[in-house]
Amino acid sequence: MIEIDCEFPGGNVVVDGIEGDRARVRPDLRDTEGHWFYWYFRVRGAGGRTLGFEFEGDDVGVRGPGVSRDSGRTWEWLGAESGDERSFAYSFPEDTREVRFSFGMPYTQANLEEFLAAHAGSTHLRPGGLCRSRKGRAVEFLSFGKVEGEPEHRVLLTARHHACEMMASYALEGMVEAALAEDETGRWLRDRVEFFAAPFADKDGVEDGDQGKSRRPHDHNRDYRAPCLYPEVRALREWARQWSGGKLRMALDLHCPGHRGKWHELIHFVGVRQEDIWARIEGFCEALEAAASGPLPYRKGNNLLFGVDWNTAEEYGPLDGEPRSASDWLSTLSGVWFGATVEIPYANAQGAEVTAETARAFGRDLARAIQQHLCEGIE
Ligand SMILES: [Zn+2]
């Protein structure tokens, strides 16, 4: 008998029915305002059959679904030819016990644990506990780079303010790898830069498989106006204030955009309305464009300027001195050059395939850009 479920970390699906070789499924929106497209389910008992999976909306990405045959450890894209934006088909080999499918390539606490285990011997990476989530889960932080003694610079990194935006997590892994690497960039960063990263800014959302984006009454990225609803945001604010110590130069909040169309298929920074801060972000973007040597292209000219597409004053409300997002709040920290939001697409970056590995390579590009930009300083 065919079984479709999501009873595992990150899981998300509503099954409306299975009739013959056809399954009708959709994302479980839970407390999402409006529609969003994240889903992640497992199929068992389908060995030897070809099944079609049909969605109500356009909830399949531009390279088809992510597919995992090892219980979510590794992923690949099934390919655009497997269906269209509302469906895909899959032929299950005879001896298949389970196959997992998702909008993306899910990354949960188990992935982080595997990553940390692989670097357990490093004296330049120290995981710690930031706080407990609303549901009582331990929320991790990573301290890496120059973790002993006084650094010259500090850099703060956050991901998963929107729980479903998992490709950002692979980029974060790439940044950590770059700081631990036995090469010029790694040594330079370890000598001078103390990094602090919050890999799961919405821990419950990541583990429960929520959309996270547009969560009611507001999502984690919109929680930076006091009083903050979420323990992760409260803890991050407290930590960042104390820890920055006048040496925090840059803060990057890693996101993934929407799922189809121009802004959703290229890497970009999100423009801000404060011109001085935007000029500093663009200075970093120049360093990134120069440093980007990985498979995912980045062009400063692709940035989403303030006032364009969704990135408008209406989205954020009046400029009243209250922070409107994580990066906006980070930009207010004493001495910081900028806090910025960078969007890493789920599947397609200007024609290049986004995968766990290429997103990690982009993370290494970001780390090289940080090195370069810290060397240059700001004018
Ligand atoms: Zn986001």
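Student: How many residues does helix H5 have, and what span is expected for it?

Tutor: In this predicted model, helix H5 (residues 231-244) has 14 residues and reaches 20 Å from its first C-alpha to its last, which is close to the 20 Å expected at 1.5 Å a residue.

Student: What makes Glu232, Val233, Ala235, Leu236 and Ala240 of H5 buried?

Tutor: A residue is called buried if 20 or more other C-beta atoms lie within 10 Å of its own, and Glu232, Val233, Ala235, Leu236 and Ala240 are the residues of H5 that are buried. Seen down the axis of H5, these buried residues fall within an arc of 160°, so they line one face of the helix.

Student: Which residues does H5 carry on the face turned away from its buried side?

Tutor: That face carries Glu238 and Gln242, which are exposed, the cut-off for exposed being 12 or fewer such C-beta atoms.

Student: What do the buried residues of H5 pack against?

Tutor: Their partners include strands S11 (125-132) and S12 (138-145) as well as helices H4 (203-208) and H8 (326-330).

Student: Why is H6 called oblique to H9?

Tutor: Helix H6 (residues 275-291) and helix H9 (residues 356-376) pack at an angle of about 125°, with their axes 8 Å apart. Angles from 65 to 115 degrees count as roughly perpendicular and those over 145 as roughly antiparallel, so the angle of H6 to H9 makes the pair oblique.

Student: Which residues of H6 meet H9, and what is the handedness of the crossing?

Tutor: The crossing of H6 and H9 is right-handed, and the residues of H6 that meet H9 include Gly283, Phe284 and Ala287, while those on the H9 side include Asp365, Leu366 and Arg368.

Technical notes:
Residues numbered from 1 in each chain as written. Predicted model: local features only at pLDDT ≥ 70, side-chain atom pairs only at ≥ 80, totals over all residues. Helix = DSSP H or I, 4+ residues; strand = E, 2+ residues; numbered from the N terminus. Expected span 1.5 Å × (residues − 1). Arc of directions from axis to C-beta. Contact = placed C-beta atoms within 7 Å. Axes fitted to C-alpha atoms, helices over the stretch in contact; angles between N-to-C directions. Parallel < 35°, antiparallel > 145°, perpendicular 65-115°, else oblique. Left-handed = near helix turned anticlockwise from the far one by under 90°.
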